[in-house]
Structure formats: C-alpha cells, structure tokens
Amino acid sequence: MEKDMVYYPQDELNTFLLPVTRGCSYNQCAFCSMYKDIPYREVPVSEIEKILMNAGRYTEKVFLTGADPLAIGFRKMKSLLAMIRQYLPYCACVASYASIRNLAQYTVEELVILHDDGLRLLYIGFESGDDEVLSLMKKSHRRTDAIREAKKLNQARLPFNTIIMYGIAGAGQGEKYARATADMINQFTTRIIITMNLKIFGGTPLETMVNSGRFVPAQPVELLLELRTLLEELNPSQPTLFNTTHPTNLIQIKGVLPKDRDELLNEIAARLKPRT
C-alpha cells in the first residue's frame, strides 16, 4: 500500500480516514504544493474494501481522503457509500473535501441520493468571490460557478463548509476583494465559514510570481483589515459559524454570525491597536 501525506480538516482530527483518491485531479492552483509530485489516481476498490474490513464496526464517522474524492463520479461514489454502510453500519456521517469543478458533474437529484446514502458534509475551497483573484490563482472555477454549485447543494440539503483564503488578492487589495467574497457567501447557506491565511510555498507558481514582483503579499495589518471587512459584510440567512482557528491564521477567533459579530470585531480591533 502506498504511503504519502494525508491531508484532512482539523475538525476531522479524530475521524476515521478512508483513502479514495491520491493526488489532485486538477493540481494547477498557483498557491498549492500539496499534491505537486503525486500523480492523480483513484484508490482501487479492493484496497478500500480491505481498509473497511479492518475498521472498527462501531465507527460513527468517516472522512474520505484525497484532494477531491467526488472526482470519482456519481456511480462510484454511490457504490463506495454502500460499501461503507456494509462494513460500518453505525456510521452516521461520511465527510469529504469537494471542489466546485467536480461538483459540477453532479445533478441535484444525484446529490440528494448521495446525501441519503450517507454523504453528510463537504469541505469546499471557494477561496475568493472575485473572478480576477480566482484567475490569478489559477483556480478551476469562477464566481458564478461557485454560487451555482453552492445553491445546488442547498437545494439537495447537503451541508457544506466554506473555505476562503484571505491575503489571496495581494497587497492593497484585501478589503475590496473581501467585500466580493462576502457578497458571494451571502447568496447561499453554509454550515461554517473557515478562513485560511495565504502562505507562499516553495516550488509553486505563486512563489515565482512573488519573486518576479507580479504578486506582492499583504502585510499583517492589511490581512487583519481584510478579515474585519469580511466579518462586517457577511449577512448569513441563518446562524453560521465563523472560524479562524486554522493554524495559518493571524488571529484565532470563532463565533456564530450574526450573534457574535461585534465580539469578533472587537477581538480584531484589539489586535489592530498599536502596542506601547
């Protein structure tokens, strides 16, 4: 069995991990180095079944690993969920990363079926709500795609967490593009808004852009102002958790919008005050 780095959300730290794909079916995002040297492939069904056969029967939650397990398509995903139910009959939730690009291949009806078969939570990298930024970072989707797929998931009643990245627009641009991102998120319902601070990893196209001067990273104060603008502009239609506790973030805060907005803004304001 191959051994390579396995990535999963911090909320799934204690979840049973089930490999479904290796590498990334897209693998072109300018900022990402996670799957740079890993060829994309699907994990053989026989390998998946062997893992499930040796799992604890009373496992209650499974997280599918790989950059985007939904790349395998509806029929294979449906079969996979059936296999999970066979070996882990007490599993109440299967969670997974998902991309806007691969969600587009699923119909609402198919998503309803997968939800009913056990797929109960997706983590989706929206990154930004502005096409200029998405293009710069070589994302495979655009704003209208993101809104369409999010609304499709809402229609299918399949919950998802929205991952966005601040600092992704570069120096002097954060507050402007935070408004675009908030406006995008305001058009659908999401379970959690998870923020990550852009990091420059070696060997990525983004590092090349930084070295050539094409991209200038934002300074810490700008990043905090961008987060503040995002919080001010978000207007969820139902209580939504806002979470900046991922290790990349400049500030670790968490609260429910809109109820905790002022408290979260006060925490950012405290960090923006000059130190004496």
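**Terms and the values behind them**

Trainee: Why is glutamine 187 called partly exposed?
Mentor: This is a predicted model, and in it glutamine 187 has a relative accessible area of 34%. Buried means under 20% and exposed means over 50%, so glutamine 187, at 34%, is called partly exposed.

Trainee: Where is glutamine 187 found, and what does it touch?
Mentor: Glutamine 187 is found in the loop between H7 and strand E8 (192-197). Not counting residues up to four places away in sequence, glutamine 187 touches Arg143, Ile147 and Lys151. From C-alpha to C-alpha, glutamine 187 and asparagine 235 are 9.2 Å apart in space, while in sequence they are 48 residues apart.

Trainee: What makes the pairing of the side chains of glutamine 187 and aspartate 183 a polar contact?
Mentor: The value given for these two side chains is 3.4 Å, and a polar contact needs a pair of N or O atoms within 3.5 Å, one able to donate a hydrogen and the other to accept it. The pair formed by glutamine 187 and aspartate 183 is therefore counted as a polar contact.

Trainee: Which residues of H6 and H7 meet?
Mentor: Arg143, Ala146 and Ile147 in H6 meet Ala180, Asp183 and Met184 in H7. By class, the residues of this contact divide into 4 nonpolar, no polar and 2 charged.

Trainee: How do you know that H7 is roughly parallel to H9?
Mentor: The axes of H7 and helix H9 (residues 220-233) come within 8 Å and cross at roughly 30°. Since the limit for roughly parallel is under 35 degrees, that crossing makes H7 roughly parallel to H9. The crossing of H7 and H9 is right-handed, and the contact of H7 with H9 has 4 nonpolar, 3 polar and 5 charged residues.

Trainee: What makes H2 and H4 roughly parallel?
Mentor: The axes of helix H2 (residues 74-87) and H4 come within 10 Å and cross at roughly 15°. With under 35 degrees as the limit, H2 and H4 are therefore roughly parallel to each other. H2 passes H4 in a left-handed crossing. The contact is made by Phe74, Met77, Lys78 and Leu81 of H2 together with Glu110, Ile113 and Leu114 of H4, and these residues divide into 5 nonpolar, no polar and 2 charged.

Trainee: Why is serine 96 called buried?
Mentor: Serine 96, which is found in strand E5 (residues 93-98), has a relative accessible area of 0%. Buried means under 20%, so serine 96 is called buried. Leaving aside its neighbours within four places in sequence, serine 96 is in contact with several residues, among them Phe63, Leu64, Leu119 and Tyr123.

Trainee: How do you know that threonine 15 counts as buried?
Mentor: Threonine 15 lies in the segment before strand E1 (16-19), and its relative accessibility is 13%. Beyond its neighbours within four places in sequence, threonine 15 is in contact with Lys61, Val62 and Phe63. The side chain of threonine 15 also makes a polar contact with the side chain of glutamate 12 (2.7 Å).

Trainee: What is said of phi in glutamate 127, and is this residue buried or exposed?
Mentor: Glutamate 127 has a positive phi of about 65° although it is not a glycine. Glutamate 127 is found in strand E6 (residues 119-127), and at 8% relative accessibility it counts as buried, because the limit is under 20%.

Trainee: Which bond joins leucine 257 and proline 258?
Mentor: A cis peptide bond joins leucine 257 and proline 258, with omega at about 5°. Proline 258 has its place in the loop between strand E10 (254-257) and helix H10 (261-272).

Note on methods:
Residues are numbered from 1 along each chain as its sequence is written. This is a predicted model: local features need pLDDT of at least 70, side-chain atom pairs count only at pLDDT 80 or more; totals for chains, interfaces and linings use all residues. Side-chain values use heavy atoms; hydrogens and water are left out. Helices (H or I, at least four residues) and strands (E, at least two) are DSSP runs, numbered from the N terminus. Buried means under 20% relative accessible area, exposed over 50%, partly exposed in between (1.4 Å probe, protein chains only). Contact means heavy atoms within 4.5 Å. Ala, Val, Leu, Ile, Met, Phe, Trp, Tyr, Cys and Pro count as nonpolar, Asp, Glu, Lys and Arg as charged, and the others, Gly among them, as polar. Axes are lines fitted to C-alpha atoms, for helices over the stretch in contact, and angles run from 0 to 180 degrees between N-to-C directions. Angles under 35 degrees count as roughly parallel, over 145 as roughly antiparallel, 65 to 115 as roughly perpendicular and the rest as oblique. A crossing is left-handed if the near helix is turned anticlockwise from the far one by less than a right angle, and right-handed if clockwise.
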